[in-house]
Amino acid sequence: MAKTAKKRRGPHQNTKAEPDVPVRVGQTVEVEITGMNHDGAGVGRVEGYTLFVKGALSGERVRAQVDHVKKSFGFATMVEVLEQSANRALPPCPLYDRCGGCSLQHLAYEEQLRHKQQIVMDNLRRIGGFSLEGEGAITVHPTLGMSEPWRYRNKSQVPIGEENGALVGGFYAEKSHTIIDMDECLIQHQANDVAVATVKRLASELNIQPYDEVRHAGLLRHVVAKVGVKTGEVMIVLVTAQEEIPQRERLVAAIREQVPGVASIVQNINPDKTNVIFGKTTRTLWGSDVIYDTIGPIKFAISARSFYQVNPAQTEVLYNKTLEYAGATGTETVIDAYCGIGTISLFLAQKSRHVYGVEIVPEAIADAKRNAALNGVENATFEAGPAEVVIPAWYEQGIRADVIVVDPPRKGCDEALLATILEMEPQRVVYVSCNPSTLARDLKVLAEKYEVKEVQPVDMFPHTGHVESVALLVRTDE
Ligand code: SAH
């Protein structure tokens, strides 16, 4: 949105720092909040001018301070609630206001689920042009949430720095690179919190120097902890600026002794001046190169660098829905586009004749093949490359899919892939999406030959604004 507003301003237009709107930056205003946007900010109007108010909820009247104004909308932060919504919750995290990780802790969980369903519906209507009521309407189901929506993340990546001579690690304060020290994150698995806090303490005791990104000096840049939630195995990754770790043996021995469940201690070396966490070199300091976890009946090997879903409990819910929508009975040929490490493919292989998975990152395809072998899955083929190139090539080779599953990144499916799907005409398309706006855009294209039957939002990231959903499309002439 911001980009479009900028583009519209031509060279002869008003170049004043602040556009001519009813509010000024710094001003305090009273606003009635009538809705919420996709970032979880309250939406209200002041003399017809739209304000997005951070921290305010739908149905509330608040006092807010204006932070930033643009021609057609502005941003403000709530200062005081004048009339409170019954859906307001007390955020249990003491750092909620300062950390950018969560944005919905102040909204009761049941309402977060309703909000996410609403976001999906709004996008389908506005961007997709779909009708959600009456004949031929798409059913958008209530969001499937967690019964215990805390402590769900299986991976923690903590930046390390220095404050007043002491080693600290936590998160970056909003819009800065100042590290706020923190030992507990309520959406993080307890095992990871314990692991990271222990490594921080040990590093401090052994005088291991924290990395200083300004001076590009020091050693320890990040501590990453991963846990196999079903197996209890923990992996520690020490990301360092140099290879040499002073007192390495003592550090490793102490981690083995003091971190419950530790099965793997790995070092990753990142000598570059960069915000990217990992460098190219990874070596195992002790234990296994991988930890294991299971989702449903499928076992996965997780290495220091490999991608793995961060909320395994809800991933199982999402994949079971995907499997149900695929409608596979054991005789179908299924394509899993954007397959990552083959998670969905291996789920689908249980109920299909053959699954073909394609993914652009070659390392992920190597993991997918290894995971297939680990589970004795023989009816899955994986190929590295862009889905929009590999799938048409498969078609040329005579591969005919009954079902295509897509799970693209936020920017949605490549146009060429959508065109290929329309040409290949599989009976069903199952669209797994982490971005309701590109989902709506792509479904509109596929509506040329497909009917969107139903959409199921699944809450993969409680207390954050992320909205995941899965849609079932069936060929119109079926
Ligand atoms: N289905 C997987 C991963 C989904 S994330 C899972 O559930 O775990 C989306 C994946 O699409 C990423 O792994 C990304 O590397 C891959 N990707 C991005 N662009 C692609 C393209 N053009 N063709 C194939 N894969 C692509």
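Guide: Tyr 172 stands opposite Ile 179 in strand 9. Three bridges join strand 9 to strand 8 (residues 166-172), and the two run antiparallel. Strands here are DSSP E runs of at least two residues, helices are H or I runs of at least four, and both are numbered from the N terminus.

A word on the basis. This is a predicted model, with pLDDT of at least 70 needed for local features and 80 or more for side-chain atom pairs, while totals for chains, interfaces and linings use all residues. Residues count from 1 along each chain as its sequence is written, and side-chain values use heavy atoms, without hydrogens or water.

Now the sheet. Seven strands form it, in the order 9-8-7-10-11-12-13. It is open, and the pairing (at least two DSSP bridges between two strands) is mixed. Strand 9 (179-181) and strand 13 (281-287) are the edges. Each has a single partner strand, so one side of each has no neighbour in the sheet. On average, neighbouring strands are turned by 35° against each other, direction ignored. Helix 3 (residues 190-205) packs on this sheet. It touches (heavy atoms within 4.5 Å) strand 7 (155-163), strand 8, strand 9, strand 10 (220-227) and strand 11 (234-240). The direction of helix 3 makes about 150° with that of strand 10; axes are fitted to C-alpha atoms, for helices over the stretch in contact, and angles between N-to-C directions run from 0 to 180 degrees.

A further open sheet has eight strands, ordered 6-21-22-20-19-16-17-18, again with mixed pairing. Strand 6 (139-140) and strand 18 (380-384) each have a single partner strand, so one side of each is left without a neighbour. Strand 21 (residues 450-458) and strand 22 (residues 468-475) run antiparallel, joined by eight bridges. Within that pair, Glu 454 has Leu 472 of strand 22 as its bridge partner. Helix 9 (residues 415-424) lies across strand 16 (333-337), strand 19 (403-406), strand 20 (428-433) and strand 21. Helix 9 runs at about 165° to strand 19.

Last, the ligand. A polar side-chain atom of Tyr 319 lies 2.5 Å from a ligand oxygen atom. A polar side-chain atom of Asp 407 lies 2.8 Å from a ligand nitrogen atom. At Tyr 338 a backbone N or O atom lies 3.1 Å from a nitrogen atom of the ligand. Helix 6 (343-349) and helix 8 (387-396) are the elements that give two or more residues to the shell.

Conventions. A polar contact is a pair of N or O atoms within 3.5 Å; within protein, one must be able to donate a hydrogen and the other to accept it, and residues adjacent in sequence count only if both atoms are side-chain atoms.
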